[in-house]
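The sequence and structure are shown first, and the description follows.

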Amino acid sequence: MTACVPARTSRTRGTSRTGRTSQAPDAPLKRPHSPPGRRRFPVAGCDVSASLVVFLIALPLSLGIALATGAPLQAGLVAAAVGGIVAGRLGGSPLQVSGPAAGLTVVTAELIQTYGWRTTCAITVLAGFAQLGLSVLRVARSALAVSPAIVHGMLAGIGATIALAQLHVVLGGTPQSSAVDNVRGLPAQLADLHPAALSVSALTVAVLLLWPRIPGRTGQILRKVPAALASVAAASVLAVVAGIRVPRVDLPSWSSHALPGLPEGPVLGIAAGVLTITLVTSVQSLLSAVAVDKLAAARKDPKTHVPRSNLDRELAGQGAANIVSGALGGLPVAGVAVRSVANVSAGAISRHSTMMHGLWVVLAALFLVPVLDLIPLPALAALVMVIGIQMVSITHIRSVTRHREVLVYAVTVTGVVLIGILEGVGLGIVVASAVAMHRLTRTRITRETKDGVEHIKVRGQLTFLAVPRLSRVLHQIPQGADVVVELDGSFMDHAAYETLQDWQMSHLAQGGQVEMTGRTGVRIAEPGAGTHACCRPWTPWRNHHCGEHPATESKRHTETHQLARGLGSFQRDTAPLVREELARLAREGQRPSQLFLTCADSRLVTSMITASGPGDLFTVRNVGNLVPLPGKESGDDSVAAAIEYAVDVLRVQSITVCGHSGCGAMQALLSSSPDAPQTPLRRWLRHGVPSLERMRNTHRSWARISGRMPTDAVEQLCLTNVVQQLEHLKAHESVARRIADGTLELHGMYFHVGEAQAYLLSDTDTGAPSSTGTGAENIVFDRVAPSPCPSAREREPA
């Protein structure tokens with residue numbers, strides 16, 4: 001299956017990096033700046049082709065799952081359509097496809113057998129309401145704690161299960177109810193081959209695999225048609241022209257479709273059913289969303305950017321889909337890994353593909369029955385089988401092997417195949433926890449002497465359990481010796497830190513030398529290092545005299561230019577550490593996630609206060625962190641150009657306006673006189689006049705900083721200016737369009753220089769008139785608390 005690569009287009013205004021017109025789907029077709037006669041279509045071609053691929057997969061799977069559960073066959077189509085349209089529109093994972101899931105087959109079948117179909121529909125509706133409640137409680141983030149080995153194992157297990165089941169259909173037989181039974185029945189199935197089904201399936205697989213490899217200009221043209229669509233069409237033509245007798249798609253009649261009724265049965269039993277459906281659908285959907293994020297991030301096309309899943313919103317979307325599906329007589333809905341993987345692999349770039357696949361299901365069930373009846377079921381089975389095989393990724397296996405998590409991966413795959421998705425994931429979590437505890441308690445400490453230098457190697461995590469062994473080895477080092485301590489671990493608790501720090505200080509006092517390195521030999525910061533304390537990347541030039549006596553500083557200033565000294569320090573100390581990352585950015589280009597608009601004040605070091613590095617921020621600095629309103633620039637379009645470039649070309653996900661304490665621009669604005677001469681500074685500061693008027697408006701309440709009022713009028717104006725400039729941002733057409741799409745967020749920030757404390761605006765949607773009509777607002781900047789040290793997984797490079 002080929003990924004749909006967006007066509008290269010010139011990056012002009014109104015055109016995004018994906019080649020699509022950057023216009024909100026609900027926006028009018030004609031805008032004042034639109035080229036005359038240009039046709040705009042809000043859905044990308046990649047999404048259309050991906051939706052067709054997913055539709056071709058979803059249709060037979062939905063019918064098959066409905067058949068396996070004992071539900072009416074129409075229920076599978078209802079769930080597929082509702083999952084695509086409702087969950088696709090309301091969910092928080094743009095590329096995840098929802099519908100009837102194979103992991104719910106056993107649970108749903110048991111409910112139908114016990115309570116009947118109508119009561120099962122009512123249980124599905126109640127489970128949807130329970131999911132909405134869980135989304136309000138914001139418990140979905142716990143899915144991020146799942147190890148990648150478990151997620152990859154879940155995908156591989158599902159792929160293996162699907163491939164084994166569809167292999168029987170490819171060979172002309174009927175799949176069994178479990179993967180174990182499918183394996184046991186495979187020898188008998190191979191002994192009883194059906195040439196008709198096998199020939200159709202073989203053609204499907206051949207076209208599917210060879211279609212992306214057709215050479216020359218002909219292949220370039222043909223590849224515009226998805227490989228899945230081409231393979232199924234070729235198999236259908238073969239079956240019709242050659243008169244091959246194989247089972248074909250047979251859509252059922254809607255005349256006997258059953259709708260839900262009031263729950264009938266014991267209350268505890270129905271409550272248990274609601275809880276089971278809620279847990280299974282929620283966990284499977286969240287795990288699938290995490291897996292989809294990883295698959296989308298791993299795509300090699302840098303031009304397309306898909307936002308990461310909002311798991312709480314995804315849970316709410318799944319709840320809404322289950323409510324609608326149950327009310328319309330459909331199966332329970334969950335995020336489905338097989339269809340989601342196919343959606344990502346087919347090159348989908350937005351939620352349009354998911355929604356359109358649901359629309360295709362509806363249209364097919366209503367109007368295309370004669371056409372769909374021509375599709376051979378072995379062709380669809382061959383398509384799904386290949387997708388299942390592709391889910392067992394060699395890249396994932398290499399990754400878990402490199403991180404020594406093969407056991408977790410293997411247990412998860414085995415559990416999913418032999419028991420079920422939820423049980424397999426549960427086993428994976430248990431094994432991952434056991435492996436983590438084993439690693440935490442197992443630390444290997446060795447000592448050896450090379451060329452007169454003592455080498456101490458620590459393999460594993462340094463916890464209090466390893467302190468006795470660490471202390472014993474360290475105190476065996478002779479006084480005054482040169483020592484290299486190599487730390488190969490991602491965690492050090494307080495007891496180990498103090499032990500290492502106390503020994504180092506003692507060894508240095510006795511004339512020895514100590515160097516701390518990582519496993520690669522790169523030097524790291526020594527705990528408690530007291531020498532050269534001024535040598536930090538943010539040390540000002542006037543205080544930077546490491547390695548020289550302070551008395552020589554005045555002479556040094558006359559001999560060497562400060563800029564040259566700073567550049568020399570960068571080349572010596574910093575360049576070797578960032579060269580590899582900068583080389584990567586030079587090759588791949590910049591892809592910042594945020595536009596950071598702040599003041600030109602020299603005390604604001606954006607990389608320091610945001611803990612960011614090269615390629616993270618697209619930064620715009622000017623006097624007073626001002627955003628001129630469109631049409632008010634008077635010849636200076638630099639800020640507007642930067643905003644348009646960041647939003648439409650770089651496709652940043654958020655914009656932050658950052659003000660700061662003691663801003664000279666705000667002081668000048670407060671003290672300005674109408675009769676003062678119009679210097680360039682005063683002409684620029686006129687863009688801050690709306691902030692001054694906003695502050696002086698008696699109908700608006702003053703901003704507060706983490707519960708306190710501003711200390712003076714300058715601080716009040718600095719805070720108000722941040723809110724006002726956010727309003728100016730919304731007036732820019734490109735920003736307003738992205739906000740309407742839900743793909744761009746605005747943030748307000750205030751940095752108190754003297755306190756070295758950052759504050760975030762708690763609600764950037766201020767300024768709207770209140771319900772009383774007074775226009776009062778509540779502007780609160782909340783303190784940003786220090787974050788804990790990141791875990792090993794968070795620090796691992798992407």
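Aspartate 451 takes a positive phi near 50° in the hairpin of E3 and E4, a hairpin with 2 residues between the strands. This value, like the others in the report, comes from a predicted model.

One of the facing pairs is arginine 444 with arginine 459, the latter in E4. Strands of a sheet pair through backbone hydrogen bonds, in either the parallel or the antiparallel sense.

E3 and E4 belong to an open sheet of 4 strands with the order E3-E4-E5-E6 and mixed pairing. Its edge strands are E3 (444–450) and E6 (513–517), each of which pairs on one side only. From one strand to the next, the twist averages 15°.

Two helices are placed against this sheet. Helix H20, residues 467–474, lies across E3 and E4 and runs at about 10° to E3. Helix H21, residues 494–509, packs on the sheet and touches E6 and strand E5 (482–488); the direction of H21 makes about 145° with that of E6.

H20 and H21 also pack with each other, at an angle of about 10° and with their axes 10 Å apart. The two helices are therefore roughly parallel to each other. On the H20 side the contact uses Val467, Leu470, Ser471 and Leu474, which meet Ala495, Ala496, Thr499, Leu500 and Trp503 in H21. By class, the residues of the contact of H20 with H21 divide into 7 nonpolar, 2 polar and no charged.

## Seven-stranded sheet

A further open sheet has 7 strands in the order E8-E7-E9-E11-E12-E13-E10, again with mixed pairing. Strand E8 (617–622) and strand E10 (704–705) are the edge strands, each pairing on one side only.

Within this sheet, strand E9 (residues 654–660) and strand E11 (residues 745–752) pair in the parallel sense over 7 bridges. Glycine 659 has tyrosine 750 in E11 as its bridge partner. Helix H25, residues 638–649, packs on the sheet and touches strand E7 (594–599), E8 and E9; its direction makes about 170° with that of E8.

Two packed helices are described by the angle between their axes and the distance between the axes.

Helix H2 (residues 73–90) packs with helix H14 (residues 352–367) at an angle of about 150°, their axes being 7 Å apart. That angle makes H2 roughly antiparallel to H14. H2 passes H14 in a left-handed crossing. From H2, the residues Leu77, Ala80, Ala81, Gly84, Ile85, Gly88 and Arg89 meet Thr354, Met355, His357, Gly358, Leu359, Val361, Val362 and Ala365 in H14. The contact of H2 with H14 divides into 9 nonpolar, 5 polar and 1 charged residues.

For helix H5 (residues 148–170) and helix H16 (residues 377–391), the axes come within 7 Å and cross at roughly 155°. H5 and H16 are therefore roughly antiparallel to each other. Their crossing is left-handed. H5 contributes Leu155, Ala156, Ile158, Gly159, Ala160, Ile162, Ala163, Gln166, Leu167, Val169 and Val170, while H16 contributes Leu377, Pro378, Ala381, Ala382, Val384, Met385, Gly388, Ile389 and Met391. The contact of H5 with H16 has 17 nonpolar, 3 polar and no charged residues.

## Spans from the record

An unreviewed UniProt entry lists "transmembrane region" for residues 48–68, 115–137, 149–173, 193–214, 226–247, 267–292, 359–387 and 407–437. What are the helix and strand percentages of residues 193–214 and the distance between the end C-alpha atoms? The table gives these values, together with those for residues 267–292.

| Span | Helix | Strand | End C-alpha atoms apart |
|---|---|---|---|
| Residues 193–214 | 73% helix | 0% strand | 31 Å |
| Residues 267–292 | 100% helix | 0% strand | 37 Å |

Methods. Residues are numbered from 1 along each chain as its sequence is written. This is a predicted model: local features need pLDDT of at least 70, side-chain atom pairs count only at pLDDT 80 or more; totals for chains, interfaces and linings use all residues. Side-chain values use heavy atoms; hydrogens and water are left out. Axes are lines fitted to C-alpha atoms, for helices over the stretch in contact, and angles run from 0 to 180 degrees between N-to-C directions. Angles under 35 degrees count as roughly parallel, over 145 as roughly antiparallel, 65 to 115 as roughly perpendicular and the rest as oblique. A crossing is left-handed if the near helix is turned anticlockwise from the far one by less than a right angle, and right-handed if clockwise. Contact means heavy atoms within 4.5 Å. Ala, Val, Leu, Ile, Met, Phe, Trp, Tyr, Cys and Pro count as nonpolar, Asp, Glu, Lys and Arg as charged, and the others, Gly among them, as polar. UniProt positions are given in the numbering used here, feature names are shortened, and annotations may be inferred rather than shown by experiment. Two strands pair if DSSP finds at least two bridges between them.
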